[in-house]
Amino acid sequence: FQMVMIDRSTARILTEFILWDLWAFASSGGSEKHPRIVVLDEVQNLDQRLESPLGKYLTEGRKFGLCVMAATQTLSNLKKDEQARLFQSGHKLFFRPADPEINQYTDFVAQAAGGGDKNQWRMMLTSLNKGECLSIGPALNTSNGNFTNMVQKIKITSLEERGF
């Protein structure tokens, strides 16, 4: 559902209602074998408490086949437990953060990547251009044909370039 023309509070209420409805549907018969992808933009505006639908998606959703793609421009206004739930995800994309948040995102990238030199991560983050991001998670290792956790700089093709 696209909620661009709806005011923020109404959009949030509608989104929460839709998420509860999908949660009820999935938890009554969903399966990991038949996943349903839920894409949520501006996820920082949603209720992320453990008992909220998003909290349930992030902690229990996989067993019911709910795959969440959550996008946010900031993590700083989220509580530590809410950040921890987001970081349970199997794959993360980091776009260039705002300058005041570089240090915090450097720590997030280092955590997601399993360590490494923070100066290197800071340089990688600050070098990202529009449409580029760091992809951290399982990717096909072409040398052995297996999926391996990797950090890759990728470019996301814009919708206009894709013909949408």
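Me: Which residues in helix 1 meet which residues in helix 2?
Reply: First, the ground rules. This is a predicted model, where local features need pLDDT of at least 70 and side-chain atom pairs count only at pLDDT 80 or more, while totals for chains, interfaces and linings use all residues. Residues are numbered from 1 along each chain as its sequence is written, and side-chain values use heavy atoms, with hydrogens and water left out. Helices (H or I, at least four residues) and strands (E, at least two) are DSSP runs, numbered from the N terminus. Contact means heavy atoms within 4.5 Å. Now the case. From helix 1 come Glu16, Leu19, Trp20, Leu22 and Trp23. They meet Pro53, Lys56, Tyr57 and Glu60 of helix 2.

Me: At what angle do helix 1 and helix 2 pack, and how far apart are their axes?
Reply: Two packed helices are described by the angle between their axes and the distance between the axes. Axes are lines fitted to C-alpha atoms, for helices over the stretch in contact, and angles run from 0 to 180 degrees between N-to-C directions. For helix 1 and helix 2 the angle is about 40°. Their axes lie 9 Å apart. The pair is therefore oblique. The classes are roughly parallel under 35 degrees, roughly antiparallel over 145, roughly perpendicular from 65 to 115, and oblique for the rest.

Me: Which residues of helix 2 are buried, and what covers them?
Reply: Buried means under 20% relative accessible area, exposed over 50%, partly exposed in between (1.4 Å probe, protein chains only). In helix 2 the buried residues are Pro53, Leu54, Gly55, Tyr57 and Leu58. Their cover includes helix 1, strand 1, strand 2 (66–70) and helix 3.

Me: Where is Met3, and what does Met3 touch?
Reply: Met3 sits in the segment before helix 1. Its relative accessible area is 18%, so Met3 is buried. Leaving out residues up to four places away in sequence, Met3 touches Ala11, Leu14, Thr15 and Ile18. Met3 and Thr15 are 12 residues apart along the chain, with 8.8 Å between their C-alpha atoms. Now look from the other side. Leu14 belongs to helix 1 (residues 8–27). Leu14 counts as partly exposed, because its relative accessibility is 37%.

Me: Where does Asp47 lie, and is Asp47 buried or exposed?
Reply: Asp47 is in the loop between strand 1 (36–40) and helix 2 (53–60). Relative accessibility is 14%, so Asp47 counts as buried. A polar contact is a pair of N or O atoms within 3.5 Å; within protein, one must be able to donate a hydrogen and the other to accept it, and residues adjacent in sequence count only if both atoms are side-chain atoms. The side chains of Asp47 and Arg49 make one at 2.6 Å. Beyond four places in sequence, Asp47 is in contact with Arg12, Glu16, Ser52 and Leu54. Glu42 is found in the loop between strand 1 and helix 2. Glu42 is not a glycine, yet has a positive phi of about 55°.

Me: In what order do the strands form the open sheet?
Reply: Two strands pair if DSSP finds at least two bridges between them. Here 3 strands run in the order 3-4-5, with antiparallel pairing. Strand 3 and strand 5 (146–155) are the edges, each pairing on one side only. The twist averages 25° from one strand to the next. Helix 4 packs on this sheet and touches strand 3, strand 4 and strand 5. The direction of helix 4 makes about 155° with that of strand 3. Strand 4 and strand 5 are joined by 10 bridges. Leu134 stands opposite Lys153 of strand 5. Their hairpin has 4 residues between the strands, and Gly145 there has a positive phi near 80°.

Me: What should helix 4 span?
Reply: The expected span is 1.5 Å times one less than the number of residues. Helix 4 (residues 102–113) has 12 residues, so it should span 16 Å; its end C-alpha atoms are 16 Å apart, which agrees. Its buried residues are Ile102, Tyr105, Thr106, Phe108, Val109 and Ala110. Covering them are elements including helix 3 (80–86), strand 3 (92–95), helix 5 (118–126) and strand 4 (132–141). Gly114 follows helix 4, with a positive phi near 85°.
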